[in-house]
Amino acid sequence: MQSDRLLLRGRLLTFKSEPQTPDDTAAFDYVEDGALLIEDGIIFRRGTYCDVVAEAGCADIVDHRPNLLTAGFIDTHIHFPQVQIVASWGAQLLDWLNSYTFPEETRFADEDHAAAMACRFFDLLTNHGTTTAVAYCSVHKASAEAYFEEAEQRNMRMIGGKVLMDRNAPDGLKDTPQSGYDDTRDLIAKWHGRGRASYAITPRFAITSTPAQMEMAGALVAEHPDCFVQTHLSENRNEIAYTLELYPEARDYLDVYQSYGLLSEKMLLGHSIHLEPREIDALSETGARPVFCPTSNLFLGSGLFDDAGLKARGITNAIATDIGAGTSYSMLQTLNEGYKILQLQDQKLHPFRAFHWITRGNAVALGMEDRIGTLDEGTEADIVVLNARATEAMALRMERAETLAEELFVLQMLGDDRSIDEVYVAGKAQKGNAPVVIGQATGCRVSVGRERDLVLS
């Protein structure tokens with residue numbers, strides 16, 4: 001009979017703040033031979049293996065040495081109904097939406113299809129190390145139901161919402177201001193705050209919502225201030241021009257959302273590339289969060305996200321995959337492409353800041369750093385086990401790596417789902433890659449070798 005306690009042994013990395021320089025070691029804790037004691041899905045103790053094992057009792061022990069344990073990855077912008085159109089050849093944003101996205105999303109009116117896709121979607125998330133995501137469902141209430149039901153079965157901390165869109169879309173993808181309001185209100189009542197679920201009020205973007213629907217969205221936000229809000233902003237210059245045609249009274253694109261009372265620290269604004277000075281001022285003043293989607297921005301040729309410029313104004317930037325215009329479910333590959341976009345602007349994404357961004361950094365953007373994004377005691381036990389030698393190319397590079405920063409950079413640039421040895425969601429293993437030894441460890445000595453030649457005791 002297995003214990004209800006679990007002890008994970010390995011190298012631990014968790015962040016306390018955002019590293020400001022490549023040498024900012026005060027921003028994180030690293031333990032070479034560490035352990036996490038998990039009870040009821042919560043990290044009960046964290047520290048050296050010798051210290052933590054003394055409290056483990058008859059805990060099941062999983063030894064992940066020499067791999068690295070970090071908080072599970074957080075994806076702050078992803079489209080659940082686009083799982084089967086990733087890597088669809090096309091033009092830029094508006095053409096891509098009309099050619100691929102909208103026809104695909106009509107299929108999610110079918111409850112069975114939505115449920116089947118939800119199962120496969122969540123498998124892909126956890127296989128790539130993502131334990132929390134903020135997702136757009138389709139306009140159909142059934143798609144959001146399928147999304148939250150699957151998340152609940154897996155006990156994952158997930159955020160999502162059905163999109164609101166009542167114009168500039170096929171008939172099968174349009175709601176009305178009233179039906180969108182009613183469906184969203186019902187979904188909030190059922191799912192928001194239930195288990196580990198949170199709801200995001202989701203006007204898709206200004207082009208697909210009439211002023212009447214935007215007014216309804218503003219009413220929902222006023223009635224449910226603890227819900228998240230998500231939409232798209234300034235991804236593409238043609239999109240911006242069309243938005244201003246549809247809302248001629250708006251000062252700029254962001255003003256469409258601002259004038260209906262949508263902006264706050266709970267709002268996530270996907271892309272936010274081509275911003276006017278007034279929009280940047282408004283983001284700074286309201287605390288709304290831009291979301292950097294590097295693989296999508298490159299795939300659609302949308303533009304370069306100005307991370308440093310926004311941060312200089314005190315704005316908190318999140319980072320995300322944006323599946324399915326994004327080309328990988330992997331937050332590691334997202335960092336890879338993000339690094340290159342920032343390089344083109346003479347901005348740097350060093351590995352400590354990169355791994356902070358996809359863990360605690362995105363948790364801060366969500367206001368959830370007290371629950372997810374770290375390995376702190378008392379937080380939820382969402383954990384990823386990283387193997388920097390997962391491929392031949394990575395192993396060859398790691399023969400010359402001498403520091404933690406070098407190892408992280410190998411993962412940042414070369415890593416993907418093959419680098420994810422195991423994932424824990426609320427303390428439950430998702431991939432089943434690690435052997436479990438039941439009982440209490442009898443010693444504390446460990447030697448971590450370059451080629452995984454461990455001395456376990």
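Biologist: In which strand is P66 found?

Modeller: P66 belongs to strand β4, which covers residues 60-71. Helices (DSSP runs of H or I, at least four residues) and strands (runs of E, at least two) are numbered from the N terminus. Before we go on: this is a predicted model, in which local features need pLDDT of at least 70 and side-chain atom pairs count only at pLDDT 80 or more, whereas totals for chains, interfaces and linings use all residues. Residues are numbered from 1 along each chain as its sequence is written, and side-chain values use heavy atoms, with hydrogens and water left out.

Biologist: What is the state of the peptide bond from R65 to P66, cis or trans?

Modeller: The bond is cis, its omega being near 5°. G324 is placed in the loop between β13 (318-319) and α12.

Biologist: Where does A87 lie, and why is A87 called exposed?

Modeller: A87 lies in the loop between β5 (73-79) and α2 (93-105). A residue is buried under 20% relative accessible area, exposed over 50% and partly exposed in between (1.4 Å probe, protein chains only). A87 has 63%, so the word is exposed. N155, in the loop between α4 and β7 (158-161), has 37% and is therefore partly exposed.

Biologist: How do you know that A217 is buried?

Modeller: Its relative accessibility is 1%, so A217 counts as buried. A217 lies in helix α6 (residues 211-223). Neighbours within four places in sequence left aside, A217 is in contact (heavy atoms within 4.5 Å) with L164, I201, P203 and L262.

Biologist: What of H113: buried or exposed?

Modeller: H113 is buried, because its relative accessible area is 14%. H113 sits in helix α3 (residues 111-127). Beyond its neighbours within four places in sequence, H113 touches Q84, E104, R107 and F108.

Biologist: What makes R9 and D33 a salt bridge?

Modeller: The term requires a side-chain nitrogen of Lys or Arg within 4 Å of a carboxyl oxygen of Asp or Glu. R9 and D33 meet at 2.9 Å, N to O, so the term applies. The pair links distant parts of the chain: R9 is in strand β1 (residues 5-15) and D33 in strand β2 (residues 28-39), 24 residues apart. Both residues are buried.

Biologist: Why does the pair D186 and R185 still count as a salt bridge?

Modeller: The closest N and O atoms of D186 and R185 are 3.9 Å apart, which lies within the limit, and therefore the pair is counted. D186, at 34% relative accessibility, is partly exposed, and R185, at 36%, is partly exposed.

Biologist: How many salt bridges does the structure hold?

Modeller: The structure holds 32. K16, D29, R46 and D376 are linked in a network of them.

Biologist: What makes L298, L304 and L344 a patch?

Modeller: Patch members have over 30% relative accessible area and no salt bridge; like charges are joined within 9 Å, and nonpolar side chains (Val, Leu, Ile, Met, Phe, Trp, Tyr) within 5 Å. L298, L304 and L344 make a nonpolar surface patch of about 280 Å², areas being computed by the Shrake-Rupley method with a 1.4 Å probe and, for residues, only the protein chains shown as cover. L344, in the loop between α12 (331-343) and α13 (351-366), counts as exposed because its relative accessibility is 64%.

Biologist: Which residues gather in a patch of negative charge?

Modeller: They are D110, E111, D112 and E149. Asp and Glu count as negative, Lys and Arg as positive, while His and the chain ends are not counted; each charge is placed at CG of Asp, CD of Glu, NZ of Lys or CZ of Arg. E149 lies in helix α4 (residues 141-154). Its relative accessible area is 37%, so E149 is partly exposed.
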